[in-house]
Amino acid sequence: MPGGSFAAWSRDRLALARRGADECGDVWQLEPGVYVAATAGVCEAVLHRAQDFPKPSSPLFPPLKRAGGAPMPEERAHARAARMRGLRPQAVAARIGEIASGTARFADQWPRGQDVEILPLVRPVLAEIGVRYLFSEDAPALLPFAWQLFVAREVLVRPSHWVWPRWVPTPARRFRTRRQVAFTNAVRPIVRRRRSSGRLGDDVLGQMLRPSPRYGTLSEEVILDTLPGITVATFETPSRAAGWILLHLARHTRAADRVAAEAALLPADPATTTSTHLDNLQYTQALVREVLRLHPPSWLLTRRAPRQTQLAGYTIDAGSTVLVCPYTAHRDAREHPEPDRFRPERWLDESGSPANPGAFLGFGTGPHGCEGAALAMAMLTLMTAQTARRYHLSEPPGAEPGYRVTTFEGLATAGLHLRATLRD
């Protein structure tokens, strides 16, 4: 897609999105060769039709150049399967105590009685939780390198008027490569030590080191290539979501009180929190899902058609781009009545148990859905519960919101300030 035309459209993208599917239709053509899938059914169809609309292979942290070349498709499939062994819901459930301890530290360290910028407060805590989940006892040594990967990502995705070919070594790309090499060099001795000792570990890295009956043993280079992206992903997107969640706790005091009442049943020692405790936070989970429905951190997903196909009455030519918009899909009134209203109860049935009222694309869906969805939900649910359990949150006084909405590379509350006061 030409960079200039997308940049011009993106200045008004949220305004366009808010017009919704009723006005724009299930699919609309943005420009020749570029289509927007807007409503829930069409968005889900695109994400599930991976053969017709595969995810482009343009990682922020591409494999480093080496003699062996880039990983083969079967190696990438093996790496993804290995990561998923450590990220599936059962694996997350087994480590809820660690996650709860991290979210409790976030709540404990919140400066009270002053307006605090939220995202710089949230990000380091979620980074520590995410990196520890991936690397366990090796996390402290790797956390500084993981943080530099995040900094490189922020530099790389910064909006620009110019769209350079991938092979051009721009300053941002060179900076990214240096940070990626430093991270890889820090992980490599850990991989070799674990393999030589036979103590692979039960974390995500340990799962990647274990042989698979189907694929065998992953090579060291494939493991090292796959880790930078998943490392940053464990905390970058959840941080954006956390900003919206904490803002809603401040704006909807009754909902916050209900979360606090539910969180009061959590154990006093966060390390003893279990998956049963997490499952009992049903309203809190509903609130998190409702915020992610209204403000999906990844609000626009890119797919490309390798061959001509049909979509909602349109003929999509080979090479066309399809932009899947969870933001408008979540506001499809056919799926979610009163779609612009914040109502966590829509995710619960009459007894207060979890319900499935309609499409939810907060973590994508289909073959390329978010690998870390279970981890992200656990982190966000426990952070919400621990925060509401301790504090009332409020926005700074004034007619204008104390933040600005940013949309490039994700929907975020840039500059959001909130104040915490202790609950009685």
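Student: Is Ala 312 buried, partly exposed or exposed?

Tutor: In this predicted model, Ala 312 has a relative accessibility of 45% and therefore counts as partly exposed. Ala 312 belongs to the loop between strand 5 (309-311) and strand 6 (314-316).

Student: What is the phi of Ala 312?

Tutor: The general idea comes first. Most residues other than glycine have a negative phi. In this structure, Ala 312 has a positive phi near 50°, and Ala 312 is not a glycine.

Student: Which loop holds Ser 136, and what is the phi of Ser 136?

Tutor: Ser 136 lies in the loop between helix 7 (118-135) and helix 8 (139-156). Ser 136 is not a glycine, yet its phi is positive, at about 50°. With a relative accessible area of 17%, Ser 136 is buried, because the limit for that term is under 20%.

Student: How many aromatic pairs does the structure hold?

Tutor: In general, a pair of aromatic rings is described by two quantities, the distance of the centres and the angle of the planes. This structure holds 10 aromatic pairs. One of them joins Tyr 35 and Tyr 314 edge-to-face, with 5.7 Å centre to centre and 70° between the planes. This pair links distant parts of the chain, since Tyr 35 in strand 2 (residues 34-37) and Tyr 314 in strand 6 are 279 residues apart. Tyr 35 is buried at 5% relative accessible area, whereas Tyr 314 is partly exposed at 29% relative accessibility.

Student: Why is the pair of Trp 147 and Phe 235 stacked?

Tutor: The ring planes of Trp 147 and Phe 235 are at 15° and the centres are 6.2 Å apart, so the pair is stacked. Trp 147 in helix 8 and Phe 235 in helix 11 (residues 220-251) are 88 residues apart, and the pair links distant parts of the chain. Trp 147 is partly exposed, with 30% relative accessibility, while Phe 235 is buried, with 0%.

Student: Which residues do ring pairs link into a cluster?

Tutor: Phe 106, Trp 110 and Tyr 391 are linked in this way.

Student: Over which rings do the charged ends of Arg 95 and Arg 289 sit?

Tutor: The charged end of Arg 95 sits over the ring of Tyr 133, 4.3 Å from the ring centre. For Arg 289, the ring is that of Phe 360, and the distance to its centre is 4.2 Å.

Student: Where is Arg 390 found, and which side chain joins it in a polar contact?

Tutor: Arg 390 is in helix 16 (residues 373-390). The side chains of Arg 390 and Gln 386 are joined by a polar contact of 2.8 Å.

Note on methods: Residues numbered from 1 in each chain as written. Predicted model: local features only at pLDDT ≥ 70, side-chain atom pairs only at ≥ 80, totals over all residues. Heavy atoms only, no water. Helix = DSSP H or I, 4+ residues; strand = E, 2+ residues; numbered from the N terminus. Polar contact = N/O pair within 3.5 Å; in protein donor to acceptor, adjacent residues only side chain to side chain. Buried < 20%, exposed > 50% of the residue type's maximum accessible area, 1.4 Å probe, protein only. Phe/Tyr/Trp six-rings, centres within 6.5 Å; stacked < 30°, edge-to-face > 60°. Lys NZ or Arg CZ within 6 Å of the ring centre and 35° of its normal.
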